[in-house]
Amino acid sequence: MNRMLHIRAEKGWINDPNGLCFFKGYYHVFFQCNPYGLEWAKMHWAHVRSRNLLDWEYCPLALVPEIECERGEKGGCFSGSAIEKDGLLYLVYTASDGLHQKVCIAYSQDGMEFKKYEGNPVLMNSEYENDFRDPKVFFHEGLYYMVLGAYKKGSSGCILLYSSEDLLSWSFCGNIFSLDRSIGTMPECPDLFFLDGRWVLTFSPVDPGYDGYSSMAIIGTMDFSAPEFKAEKTIPIDYGKDYYASQSFLDEKGRRIAFAWAGSWQWLPEFNGFPIMGDHTGCLTMAREYHIRDGGFVSEPIDEIKALIKRERNDVRLLSGEKLSLDKKRHIGLKKTISGKREGKLLFSLSRNHFIIFDFRALNAVVLNIEGGGIKHSANIPIPEEMEFSLSLFYESPVLEMFLNNGEVSYTECIMLDDNDYSPCMECIDGDLSLTCF
């Protein structure tokens, strides 16, 4: 077993999480993987499983590109999902030969060894054959449904809906949602689920607009008879650049748990590729639980991860110009209470080059990466307006995940910090702040 807050490939490249499920006593996470190199190449499905979402066991590769529609230099077994039916675990995935994309199925009795369906592919669409991928399957009112992303040049990206009685024969229901170009083009890794009394549609847009985000959540209503998803509120799941291709599932406790890739295609050139860590490249984000709270979308660490933060409390009050140095714990949390006027700023330095500035007058936070005397990139994060402000930070190289007000706002960024340069410090710039570190 390997204790991993951020799941990594045993060897090679990693990107999208796939096939998330709870099956026969284990949490299963599959993910896109090139087991033979440190860059994106012909995709396989790698596989880990866990009893507690913290300690993970590496399993044999679940899907290997081997049938005709999966062959090609830029092909493979692309993203998809998992669902249990009649005691079997089904993997529903995208098969690509490097040009055409189709939907295929594999199944397993034990969740470890998978056999591909002899009738593959089970679904194709000639109108969108070049961009027709990432099927997410779920069961609703007696039928299996599938949402997937589609795009063709000169038109808006869209999310298509299909239905089936047996997971093998699929009928087209319709286009339930078209992307506004200001959000992006192709909606990758769509996910449709019922959460706290509302329908939610999530996806990651390719070619996001100037102010676009890596993953979006849209709260609305879903009509399966029409069919149509009507958007009411659009919210970034995460305000960082490295929360992509999120996928969720219901666990045995009824929690809506999600993982995402701690990366993003549009930012890779800026960083000259994802950081290489020994014999593997990249990782997934921590497991999160999704909720709708006060009409907003909440993404927070699961309870098992929250419990890792030590409960030893050290009450501190910072005045203007004062600093508080923290040790090199991977998990850092603090609580700030505002009384009276909203005044003051809080500077949190992860290293000599990486800073987070919380401005309680402007109600935003700015993340700065300063290298060579310039700003490499920055991000603006809204601060919730509640009088009580809480912050949790998790850092496990190379991923920083930050949560404000128990997940009302989250931020994910890949930051490579040298051990000698990792010295977290908080400084009150002006005003006074009441902090509780734990």
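Student: Is Cys189 buried or exposed?
Tutor: Quick heads-up: this is a predicted model, so local features need pLDDT of at least 70 and side-chain atom pairs count only at pLDDT 80 or more, while totals for chains, interfaces and linings use all residues. Residues are numbered from 1 along each chain as its sequence is written, and side-chain values use heavy atoms, leaving out hydrogens and water. Buried means under 20% relative accessible area, exposed over 50% and partly exposed in between, using a 1.4 Å probe and protein chains only. Cys189 has 8% relative accessibility, so this residue counts as buried.

Student: What is the phi of Cys189 near?
Tutor: Start by finding Cys189 in strand S14. Cys189 isn't a glycine, yet its phi is positive, near 50°.

Student: Which strand holds Ala245, and is Ala245 buried or exposed?
Tutor: Ala245 also has a positive phi in a residue other than glycine, near 60°. You'll find Ala245 in strand S18. With 1% relative accessibility, Ala245 counts as buried.

Student: How much of the chain is buried?
Tutor: The chain has one helix and 35 strands; helices (H or I, at least four residues) and strands (E, at least two) are DSSP runs, numbered from the N terminus. Of its 438 residues, the share that counts as buried is 58%.

Student: How many cavities of 30 Å³ or more are there?
Tutor: A cavity is a set of points, on a 1 Å grid over the protein atoms alone, where a 1.4 Å probe fits but cannot get out; its lining residues have an atom within 4 Å of a point. Grid points are joined across faces, edges and corners, and the volume is the space filled by probe spheres set on them. For cavities of 30 Å³ or more, the count comes to three.

Student: What is the volume of the largest cavity?
Tutor: Its lining includes Cys189 and Ala245, along with Pro17, Asn18, Ser79 and Gly80. Strands S2 (12-23), S6 (76-85), S10 (132-140), S14 (187-195) and S18 (244-250) each supply at least two lining residues. The volume of the largest cavity is about 60 Å³.

Student: How many charged residues are in that lining?
Tutor: Here Ala, Val, Leu, Ile, Met, Phe, Trp, Tyr, Cys and Pro count as nonpolar, Asp, Glu, Lys and Arg as charged, and the others, Gly among them, as polar. Asp134 and Lys136 are part of the lining of the largest cavity. That lining has five nonpolar residues and five polar ones, and its charged residues number two.

Student: Which strand gives the most to the lining of the second largest cavity?
Tutor: This cavity holds about 40 Å³ of space, and its lining includes Phe297, Val298, Ser299 and Glu408. By class, the lining divides into six nonpolar, three polar and one charged. Strands S23 (296-301) and S33 (409-414) each supply at least two residues. With three residues, the one that gives the most is S23.

Student: What is the omega of the cis bond from Asn120 to Pro121 near?
Tutor: Look in the loop between strand S9 (115-116) and S10, where Pro121 lies. The peptide bond from Asn120 to Pro121 is cis, and its omega is near -5°.

Student: And where does Pro227 lie?
Tutor: The peptide bond from Ala226 to Pro227 is cis too, with omega near -15°. Pro227 lies in the loop between strand S16 (216-223) and strand S17 (228-236).

Notes: On a 1 Å grid over the protein atoms alone, a cavity is a set of points where a 1.4 Å probe fits but cannot get out, and a pocket is an open set with protein on both sides within 12 Å along at least five of seven lines; lining residues have an atom within 4 Å of a point.
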